[in-house]
Amino acid sequence: MSKFDIVSIFPGMVKAPLAEGVVGRAIGRGLLDVSVHDLREFTTDRHRVVDDMPFGGGPGMVMKPEPFFAAVDHIRRERGMPDAIVLTSPDGDRFAHRDAVRLSGLGHVVLLCGRYEGVDERVREHLATEAMSIGDYVLSGGELAALVMLDAIARLVPGVVGDDESVKLDSFAGGLLDYPQYTRPAVFQGLEVPAVLLSGHHAEIARWRRREALARTRARRPEMLESAALGADDRELLREIEGGG
Ligand code: SAH
């Protein structure tokens, strides 16, 4: 079982999406153990203050270190030693498929959510084992980032997605973008599905899909082709695509 702990001042915001969909079902089936912690529970003052003014001045408020350290102490005691403590942060390493693979291979991951101007740097330096960003934009809090990462990690845990084969075929997993998908009806408002998909020829369908995956990766994300594990058949398909065939 994969264990996750999320620390946030808005636990309700984190819990709601965990109730539905693939992740919700996996929690229900006992494949994932997700615990959400209210950061304010780890304050010691009457007003349960989690933020304070920045040293050196400047706008906004900074999240205090003590509640994060206390929350992680609690997690260590009650839930066991985590393998990774991830601080969500726009200046962290860019979260990508390889990180989802790496983190899904660990037993226990903690995700820390910041708010306001961010979190006292001592949390990053002395509590977190890494800092992760989900993209080059600033969110108002780490909750959505933590949920994005949890979702991507969780679907790689064996059994979480019903068909493990489908996970291997997804974009990025095989080093390529996914091939285009179609379903019924075969003709919709005069728009036809590629004929090969209706042909019943499994080898031809597989070849067409591989070619489409290669073609769209080449067009949209050419740098991915450099690190993809390509076979001789793939190189031939690529030559065909490059030749405009
Ligand atoms: N002043 C900070 C932004 C703080 S945003 C800066 O300019 O870098 C408040 C919190 O939202 C952050 O502490 C972090 O937890 C979260 N957050 C914002 N954008 C994020 C992103 N792209 N990826 C991950 N977390 C993010």
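**Entry 1: a loop residue.** I began with Arg48, which I found in the loop between β2 (32-38) and β3 (51-52). Helices (H or I, at least four residues) and strands (E, at least two) are DSSP runs, numbered from the N terminus. I noted that this is a predicted model, where local features need pLDDT of at least 70 and side-chain atom pairs count only at pLDDT 80 or more, while totals for chains, interfaces and linings use all residues. Residues are numbered from 1 along each chain as its sequence is written, and side-chain values use heavy atoms, with hydrogens and water left out.

I looked up the backbone of Arg48 next: phi is near 50°, a positive value in a residue other than glycine. (Buried means under 20% relative accessible area, exposed over 50%, partly exposed in between, with a 1.4 Å probe and protein chains only.)

**Entry 2: the loop between α7 and β8.** Phe172 lies in this loop, and its phi is near 80°, again positive in a residue other than glycine. I wrote down a relative accessible area of 39% for Phe172, so it is partly exposed. Pro185 lies in the loop between α7 (164-169) and β8 (187-188) too. The peptide bond from Arg184 to Pro185 is cis, with omega near 5°.

**Entry 3: around the ligand.** How many residues surround the ligand? I got 18, and the closest are Thr88, Gly114, Glu117, Tyr137 and Leu139. (A residue is near a molecule if one of its heavy atoms lies within 4 Å of it.) The shell divides into eight nonpolar, eight polar and two charged residues. (Ala, Val, Leu, Ile, Met, Phe, Trp, Tyr, Cys and Pro count as nonpolar, Asp, Glu, Lys and Arg as charged, and the others, Gly among them, as polar.)

Which strand gives the most to the shell? β5 does, with three residues. β5 (84-94) and β7 (130-133) each supply at least two.

**Entry 4: backbone atoms facing the ligand.** A backbone N or O atom of Glu117 is 2.9 Å from a ligand nitrogen. For Gly114, a polar backbone atom is 3.0 Å from a ligand oxygen. For Gly142, a backbone N or O atom lies 3.4 Å from an oxygen of the ligand. Taken alone the ligand exposes 570 Å², and the protein buries 83% of that. (Accessible areas come from the Shrake-Rupley method with a 1.4 Å probe.)

Methods
Polar contact = N/O pair within 3.5 Å; in protein donor to acceptor, adjacent residues only side chain to side chain.
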